[in-house]
Amino acid sequence: MNEECGVFGIYDRGGNCARSVYYGLYALQHRGQEDCGIAAINNLELSCHKGPGLVGDVFSERILTELAGTTAIGHVRYATTGGLHRDNTQPLTLTYIKGSLAVAHNGRLINSAELKREYEYKGAVFHTTTDSEIIAYIVAQARLHSGSAEEAVNQAVKRLKGAFSLIVMSSRKLIAARDPWGFRPLCIGRKGDAVIFASESCALDSVEATFVRDVEPGEVVWVFDGKLHSNKENCTGKASLCIFEHLYFARPDSIIDGQSVYGARLNAGRALAREYPIDADVVVGVPDSGLVAAKGYSLASGIPYNDGFIKNRYIGRTFITPAQATREEEVKIKLNPLRATVSGKRVIVIDDSIVRGTTLVQKTGLLREAGAREVHVLSASPKYISPCYYGTDIPTKEVLFAYNYSTEEMRKIIGADSLGFLPLKDLAIVAPDSKCGFCDACFTENYPVE
Ligand code: SF4
């Protein structure tokens with residue numbers, strides 16, 4: 001499958017752009033921890049530094065100083081397509097007849113194979129296995145026949161199908177685009193004269209920028225001479241933001257398309273409390289993305305909320321570890337149950353979702369080993385029954401817990417006293433402030449794009 005990534009770009013004539021991107025990527029680190037990069041333009045000269053690892057490990061004071069420029073973009077990546085090959089690290093950069101181009105991309109194209117074949121027959125030679133290189137190539141090709149870089153991006157958006165939130169940097173412009181379905185988030189911020197594009201609003205906060213608005217699904221926005229411009233020619237008025245951005249991917253302090261992620265998770269927890277009124281002593285969440293839903297359950301039910309697990313902060317999120325064996329082993333290293341909270345208690349434990357189910361066996365076992373008298377497991381998402389084709393790491397139905405087993409069979413396998421999932425009908429009330437519709441295909445099999 002592909003990647004869950006974070007992108008950040010800034011145009012700031014007077015500032016140190018690479019340093020701002022560094023802080024922005026730090027705030028987006030939860031969206032990808034395998035590799036990262038920053039590209040900058042200074043006096044039409046493109047420079048780039050990227051490598052495997054966390055933002056704090058890849059960049060140093062010296063590198064950020066060398067990357068000085070008036071425009072810069074950055075990327076954090078979680079990838080499985082093409083593995084961890086260094087060439088796949090973003091931003092993708094190229095130099096062509098019209099100058100330089102750098103592309104940072106979050107999402108997954110569903111027509112990348114056709115596009116790649118088409119351009120290979122026209123003589124293109126691809127050096128990576130990422131969608132981002134295809135996008136960069138299409139933009140560069142389109143630029144040869146259009147009057148501006150933003151028009152080239154607009155032409156490219158018409159050709160791309162699937163999920164993409166893009167930031168493109170040309171020699172003179174910073175351009176952002178979101179796919180017409182709006183699968184992945186992308187927002188605009190300002191700090192003085194600087195204009196910023198970022199995957200999530202928490203990254204704007206990290207550079208003390210003010211949130212301006214979200215990029216609309218299908219919209220192309222660009223900065224030229226400090227001014228923000230927009231083309232909505234590809235906007236359809238329909239939108240399918242991935243509901244998992246609210247339930248799992250995004251940081252709770254982000255606001256996406258008008259909806260607070262924190263508020264959405266609280267709502268999911270409240271809905272669970274209404275649906276599953278369990279007689280219990282304490283409600284705990286699985287760190288990090290289950291914590292807010294657990295608070296929501298506690299607020300609605302009156303059952304005290306407490307910490308049930310202590311998380312080792314120095315390990316990446318379980319969900320985005322590529323090898324299954326590693327993922328299971330990681331749970332024990334990553335989470336330690338809090339005996340003081342759960343021993344002798346009837347415990348409700350809330351996780352953001354149940355996808356493969358394998359880690360849940362360990363989590364339930366850890367709570368029992370710590371003395372929990374009863375363990376009631378609730379998922380803040382509906383049953384995950386179908387793969388995602390829009391950039392999430394779920395390859396086939398066969399690995400999905402809820403596709404293979406009934407609720408009762410799953411309960412027995414994980415060793416819980418009871419098991420419940422957020423009902424599908426409650427998805428509608430999770431994010432009431434959202435200006436966007438949602439993709440919920442992994443629960444319903446209703447795919448917005450074939
Ligand atoms: Fe998100 Fe599921 Fe839709 Fe994929 S299929 S974009 S994970 S809601």
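Student: Buried means under 20% relative accessible area, exposed means over 50%, and partly exposed is in between (1.4 Å probe, protein chains only). What does E445 count as?

Tutor: E445 counts as partly exposed, because its relative accessibility is 38%. Before we go on: this is a predicted model, where local features need pLDDT of at least 70, side-chain atom pairs count only at pLDDT 80 or more, and totals for chains, interfaces and linings use all residues. Residues are numbered from 1 along each chain as its sequence is written, and side-chain values use heavy atoms, with hydrogens and water left out.

Student: OK. Where is E445 found?

Tutor: In the segment after helix 17 (441–444). Helices (H or I, at least four residues) and strands (E, at least two) are DSSP runs, numbered from the N terminus.

Student: What is phi for E445?

Tutor: Near 65°, a positive value in a residue other than glycine. Most residues other than glycine have a negative phi. N43 also has a positive phi, about 50°, and N43 is not a glycine.

Student: Where does N43 lie, and is N43 buried or exposed?

Tutor: N43 lies in the loop between strand 2 (35–42) and strand 3 (45–52). N43 counts as exposed because its relative accessible area is 67%.

Student: New topic. Which residues does the cis bond with omega about 5° join?

Tutor: Q90 and P91. P91 is in the loop between strand 4 (71–77) and strand 5 (92–96). The bond from P287 to D288 is cis too, with omega near -5°. D288 lies in the loop between strand 17 (282–285) and helix 10. Most peptide bonds are trans.

Student: Back to P91. Which residues does A102 contact?

Tutor: P91 is one of them. Contact means heavy atoms within 4.5 Å. Leaving aside neighbours within four places in sequence, A102 also touches A39, L46, I73, L92, T93, I167, V168 and M169.

Student: Is A102 buried or exposed?

Tutor: Buried, because its relative accessible area is 0%. A102 is in strand 6 (residues 99–109). The C-alpha atoms of A102 and L174 are 9.7 Å apart, though 72 residues separate them along the chain.

Student: What about D257? Buried or exposed?

Tutor: D257 is buried, because its relative accessible area is 5%. D257 is in the loop between strand 15 (255–256) and strand 16 (259–260). Beyond neighbours within four places in sequence, its contacts include R178, D214, D433 and K435.

Student: At what angle do helix 5 and helix 6 pack?

Tutor: About 125°, with the axes 8 Å apart. Helix 5 and helix 6 are therefore oblique to each other. Under 35 degrees is roughly parallel, over 145 roughly antiparallel, 65 to 115 roughly perpendicular, and the rest oblique.

Student: Which way do they cross?

Tutor: Helix 5 passes helix 6 in a right-handed crossing. A crossing is left-handed if the near helix is turned anticlockwise from the far one by less than a right angle, and right-handed if clockwise.

Student: Which residues make that contact?

Tutor: I138, V139, A142 and R143 of helix 5, with A149, A152, V153, Q155 and A156 of helix 6. By class, that is seven nonpolar, one polar and one charged. Ala, Val, Leu, Ile, Met, Phe, Trp, Tyr, Cys and Pro count as nonpolar, Asp, Glu, Lys and Arg as charged, and the others, Gly among them, as polar.

Student: And which residues of helix 6 are buried?

Tutor: A149, E150, A152, V153, N154, A156 and V157. Their cover includes helix 5 (131–144), strand 7 (162–170) and strand 8 (174–178).

Student: How does helix 4 pass helix 5?

Tutor: In a left-handed crossing. The axes of helix 4 (residues 112–121) and helix 5 come within 10 Å and cross at roughly 50°.

Student: Last one. How is the chain divided?

Tutor: Into domain 1 (5–239) and domain 2 (261–435). Those bounds come from an automatic or database domain assignment. The domain centres, taken over C-alpha atoms, are separated by 33 Å.

Note on methods
Axes are lines fitted to C-alpha atoms, for helices over the stretch in contact, and angles run from 0 to 180 degrees between N-to-C directions.
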